[in-house]
Amino acid sequence: MEGYRWKASVVTLSDKGFAGEREDKSGPLICEMLTEAGYDVQETVLLPDEMEEIKKHLCKLCDEKNNDIIFTTGGTGFAPRDCTPEATMAVAERNAPGIAEAMRLASLKITPRAMLSRGVSVIRGQTLIINLPGSPKAVRENLEAVLPSLDHGLAILTGRDGECAR
């Protein structure tokens, strides 16, 4: 199927955002960048930093909604409630460390604080899950670093190698 559009979902993880105390700017930015890149954003959700809730929703997006890729934003720092990487690793079947490494490397060229990001990238079934930082600036920098290469990896992961025209 030429020109297949990758099915993507975006999960924002923020206690303050979930409580309505802070506007989510990173989730909409991810959606905008994905749409511009030709992805089909299926779902967006805002969740609190709760391990079990994150794991449950990631499993649902992978196993029931059959997303090709899921981007999370937030919960990747050192704050005591930041548990996005742990929740992501808990649902993973395989690790895909090069993506997270590439994002940190690109960000390190901009700020030494990039080394404080604990985000991971993993595979569950035929779905790639990528943790992005919570700030819009860092989201843009990280996505710009990896988005051009994801098409090839997703094509191989999903068995659509050769079907995608991007």
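Student: Is Ile54 buried or exposed, and what is its relative accessible area?

Tutor: Ile54 is buried, with a relative accessible area of 1%. Here buried means under 20% relative accessible area, exposed means over 50%, and partly exposed lies in between, with a 1.4 Å probe and protein chains only.

Two remarks on the source come before the details. This is a predicted model, in which local features need pLDDT of at least 70 and side-chain atom pairs count only at pLDDT 80 or more, while totals for chains, interfaces and linings use all residues. Residues are numbered from 1 along each chain as its sequence is written, and side-chain values use heavy atoms, with hydrogens and water left out.

Ile54 lies in helix H3. Helices (H or I, at least four residues) and strands (E, at least two) are DSSP runs, numbered from the N terminus. Leaving aside neighbours within four places in sequence, Ile54 is in contact with Leu13, Leu47, Pro48, Asp49, Cys83, Thr84 and Ala87; contact means heavy atoms within 4.5 Å. Ser149, by comparison, is 95 residues from Ile54 in sequence and 26 Å from Ile54 in space, C-alpha to C-alpha.

One of these partners, Thr84, deserves attention in turn. Thr84 lies in helix H4 and counts as buried, at 0% relative accessibility. Apart from neighbours within four places in sequence, Thr84 is in contact with Leu13, Ile54, Thr72, Gly74, Gly75, Thr76 and Asn131.

Helix H4 covers residues 84-91, and its buried residues are Thr84, Pro85, Ala87, Thr88 and Val91. Seen down the axis of H4, these buried residues fall within an arc of 165°, so they line one face of the helix; the arc is that of the directions from the helix axis to the C-beta atoms. The buried residues of H4 pack against helix H3 (51-64), and also against strands E1 (7-13), E3 (69-73), E5 (121-124) and E6 (127-132).

Between H3 and E3 there is a loop, and Asn66 lies in it. Asn66 is partly exposed, with a relative accessible area of 44%. The phi angle of Asn66 is near 55°, a positive value in a residue other than glycine.

The part examined can now be placed in the protein chain. The chain has six helices and six strands, and along the sequence they follow the pattern β-α-α-β-α-β-α-β-α-β-β-α. The radius of gyration is 15 Å, close to the 15 Å that the globule rule gives for 166 residues, so the chain is as compact as a globular protein of that length. This radius is taken over C-alpha atoms, and the globule rule is 2.2 Å times the number of residues to the power 0.38. Along its principal axes, the C-alpha trace spans about 45 × 35 × 30 Å. Of the 166 residues, 48% count as buried. Among contacts with a separation of 6 or more, 80% are between residues 24 or more positions apart.
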